[in-house]
Amino acid sequence: FFTVAPDKSLIYPEFFPQTARRVSRISRVDQVLTSVSDAGVAIDVRPALLAEKRHARLFNKTDTHWNPRGAYVAYRALIEMMRVRVPAIPPPPPLDAFDVVVKRIPGMDLAAMMGLKRVLGEEMIALVPRQPRRYVVRTPANGSVEAGEGRIVTEIPGSTLPRAVIFRDSFTSAMAPFLSEHFSRAVYVGRNDFAVGEIEAERPDVVLQEIVSRHVQW
């Protein structure tokens, strides 16, 4: 499967500066997703995010990334489409399987770029599962699935669920805690290209490639 994580401006165009000039009416994301649509592997998560933004904030204010609520919406759209091809993947849990926890945090990457990390704080919206996570992080030892390491491996002990290899960038970090619950073994590889060697070594049932929209041009 292939998906593009949309930049914040694609989900909240109403906040994009009106002085910015569009180079083309057709975005690179639309060009790419359209070109691979016949293969039946492209999953467009933008409709789900656009529909959900009326009910909750889905992106961080001082950061380029989606928050856990937005990551959950994208993850749910991915899993629902994957299950059409791979029914052994269990369905995503409903939103009420999580407690919504809001906490005040310092400003994130956009604030840091302006030197205002301590000035422009925001409220982080987290989803805390009501039932303990089943997966464990095997690599790196004592690591976090949300970290930015180049290779992260999770496993569900004793599980017979499908196996997955996921080529990802930083946008998958917030989705990884949700995704790892659906695979007996999930290998997250931090790279934008398609590494055949990883697939041959793991022999997964599912391969997902995620690229943020601002990296599509490369």
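Me: What makes a set of residues a nonpolar core?
Reply: The members must be buried Ala, Val, Leu, Ile, Met, Phe, Trp, Tyr or Cys residues, joined through side-chain atoms within 4.5 Å. In this predicted model, the largest such core has 43 residues. W66, M82, M175, Y188 and V206 touch the most other members.

Me: Which elements supply at least two residues of this core each?
Reply: They are α4 (68–85), β7 (163–168), α6 (176–179), β8 (185–190) and β9 (206–212). The largest share, nine residues, comes from α4.

Me: Which residues does the second core include?
Reply: V165, V187, V189 and A195 are among its eight residues.

Me: How many helices and strands does the chain have?
Reply: The chain has seven helices and nine strands.

Me: Why is the chain called as compact as a globular protein of that length?
Reply: Its radius of gyration is 17 Å. The globule rule gives 17 Å for 218 residues. The two values are close, so the chain is as compact as a globular protein of that length.

Me: What share of the chain is buried?
Reply: Buried means under 20% relative accessible area. Of the 218 residues, 44% are buried.

Me: What share of the contacts with a separation of 6 or more joins residues 24 or more positions apart?
Reply: Such pairs account for 65% of those contacts.

Terms used. Residues are numbered from 1 along each chain as its sequence is written. This is a predicted model: local features need pLDDT of at least 70, side-chain atom pairs count only at pLDDT 80 or more; totals for chains, interfaces and linings use all residues. Side-chain values use heavy atoms; hydrogens and water are left out. Helices (H or I, at least four residues) and strands (E, at least two) are DSSP runs, numbered from the N terminus. The radius of gyration is taken over C-alpha atoms; the globule rule is 2.2 Å times the number of residues to the power 0.38. Buried means under 20% relative accessible area, exposed over 50%, partly exposed in between (1.4 Å probe, protein chains only). Contact means heavy atoms within 4.5 Å.
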